[in-house]
Amino acid sequence: MPALDLILLAPHGSSLRSLLAEGAGHERAGYMLFGIADIARDPWQGVSRRRFISHTFEPVSKSDQVSESARHVTWQTDGFMSLLSQAMRAGMVPGIVHTHPAGVAAFSEQDDTNEAELARTAKLKGLPGLLSLVIAGNGDIAVRYWQSESKKTDIARILQSGPNLSLQDCSRDQPTFLDRQVRLFGEASNNMITQFRCAVVGGGATGSATLPLVMRLGIRCAAVFDRDRVEESNLNRLHGATRHDACRHLPKTELHARLVKEADLGMQLVTVDAWAGSPESHEVLKACDVIFCCSDDHAGRLFLNRFARFYGIPVIDMGLAMQRRQNGHFDLFARVTTLVPGHPCLLCGGHVSPRRAREEALKRTDPGAFEQLKAEAYLLGEGDPSPAVVSFTSEAACMAVNEWLSGITGFAGKAGMSATRVRRFHARDDRFPQFEARPNCPCCQSADTLGRGDVLPFLDMVN
Ligand SMILES: [Zn+2]
Ligand SMILES: [Zn+2]
């Protein structure tokens, strides 16, 4: 039996809370579907892991409800049978939800009896199991998974993913070096921060600034993805790199592994010598709770843009644009975009170029054809290397990590993470541009893709 956890996406979390409110003191019920993310071997614990990601929510209609009170709810099962058929067709896991407006987030004996019967029906239909959620009047949520009518497992680890982030997990002893941080955020938020499993995609300028930040925030499980080696031209901005590392072209992942080991702050770092989109990265990314996109490659960004949608894992993307114009004026921008349900994606914001992404993919898969197009000057991307200065790249990393912290702690207000924040260093200001999602965006506006989890082909992408 794999380790189980659950990702509850913001729109479904608010539907659960509305169900409580609509019941006005009486119990109510609803149906959900969940996508599945299977991880054959968790990169930190080594065990197999199955994550459920919320995909849809539908309240049981008033007319289907047979009886209800503050302590019970019963409803006709026609809707349940149709939920099972939908789950079968989609290869997803069905879920039932009910509220405990006056009670606690724990299952009653009556719940045990009712759900065992529903779990039996689900198994007879050929489904892998049944999820059950209960939300209490105080907002606490409990989840369990019925593998069969006689076998159920409580799911303790719940990530709520949206502009606001929360992570429920068994709390562990907090490292004492975090005392000053606890004084600001308090025990509960601090505990949550340290339980997030963080991916840093790209171990270059912004990645090498992000990784030590999450390490000093007390993160225990992290992963870094990069397949480049240290070059002399990186030394102006690659934190931790020495001249010796550049001379022997040390892989960037090895540099980061060394720094983490030397610091000895309890962070376990997994290194992946591959770009985010390659198959060897998928499992590690699927096991994470937040992904910092520190790469300037458009193909990687486009991949993570879609990945965030399918797996419900928040992706925090950062980008820099720096130039000095002919008239001597500077344009210096750092951008942070948070990819969570409810925020427009990178395509809608125009922050990623599908054409550049195609060129990068071509360079990887067919270098000959790429060189030919380059010679014919058909390519957008390949110009001189763009300028980069350490104080700006490091500040972009701080902005991104702080955005994530605002989602957990609410330090910048109840709305949590902003969708996009742009810092103009040359104008000494911050802007929060409002992008509307494009009505037909294939990524962030398709109901099918939200929390879809594993599908074949991966992310439903051909090539
Ligand atoms: Zn109950
Ligand atoms: Zn979009």
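Me: What covers the buried residues of helix 8?

Reply: The cover includes strand 2 (29-39), strand 12 (197-201), strand 13 (221-225), strand 14 (268-272), strand 15 (290-293) and helix 9 (298-311). Here "contact" means that the C-beta atoms of two residues, placed from the backbone, lie within 7 Å. Please keep in mind that this is a predicted model, where local features need pLDDT of at least 70 and side-chain atom pairs pLDDT 80 or more, while totals for chains, interfaces and linings use all residues. Residues are numbered from 1 along each chain as its sequence is written, with chains lettered from A and ligands numbered from 1 in written order.

Me: Which residues of helix 8 are buried?

Reply: In helix 8 (residues 279-286), they are Ser281, His282, Val284, Leu285 and Lys286. A residue is buried with 20 or more other C-beta atoms within 10 Å of its own, exposed with 12 or fewer, and partly exposed in between. By that count, 44% of the 463 residues of the protein are buried.

Me: Why is Ala24 called exposed?

Reply: Ala24 has 9 C-beta neighbours inside 10 Å, so it counts as exposed. Ala24 sits in the loop between helix 1 (10-23) and strand 2. Its phi is near 45°, a positive value in a residue other than glycine. That deserves a second look, since most residues other than glycine have a negative phi.

Me: And what makes His249 exposed?

Reply: The count for His249 is 12 other C-beta atoms within 10 Å, so this residue is exposed. You will find His249 in the loop between helix 6 (243-247) and helix 7 (252-263). Like the previous example, His249 is not a glycine and has a positive phi, of about 50°.

Me: How many helices and strands are there in the protein?

Reply: The protein has 13 helices and 19 strands.

Me: What makes strand 9 and strand 11 edge strands?

Reply: Let us start with their sheet: nine strands form an open sheet with mixed pairing, in the order 9-8-7-6-2-3-1-10-11. Strand 9 (151-155) and strand 11 (166-168) each have a single partner strand, so one side of each is left without a neighbour in the sheet. Strand 11 runs antiparallel to strand 10 (residues 158-161), and three bridges join them. Among the residues facing each other there, Ile158 stands opposite Gln168 in strand 11.

Me: How do you know that strand 16 and strand 17 pair?

Reply: Two strands pair if DSSP finds at least two bridges between them. Strand 16 (residues 315-324) and strand 17 (residues 330-339) have 10 bridges, in the antiparallel sense. For example, Met322 stands opposite Leu332 in strand 17, and Arg324 has Phe330 as its bridge partner. Five residues lie between the strands of this hairpin, where Gly328 takes a positive phi near 90°. On its other pairing, strand 17 is antiparallel to strand 18 (residues 420-424) over five bridges, with Val336 opposite Arg421. Strand 15 and strand 16, in turn, run parallel and are joined by three bridges.

Me: Where are the domains of the protein?

Reply: The assignment gives domain 1 (3-156) and domain 2 (173-454), with bounds taken from an automatic or database assignment. Their centres, taken over C-alpha atoms, are 34 Å apart. The contact takes 17 residues from domain 1 and 18 residues from domain 2. On the domain 1 side, the largest share, five residues, comes from strand 2.

Technical notes: Helices (H or I, at least four residues) and strands (E, at least two) are DSSP runs, numbered from the N terminus.
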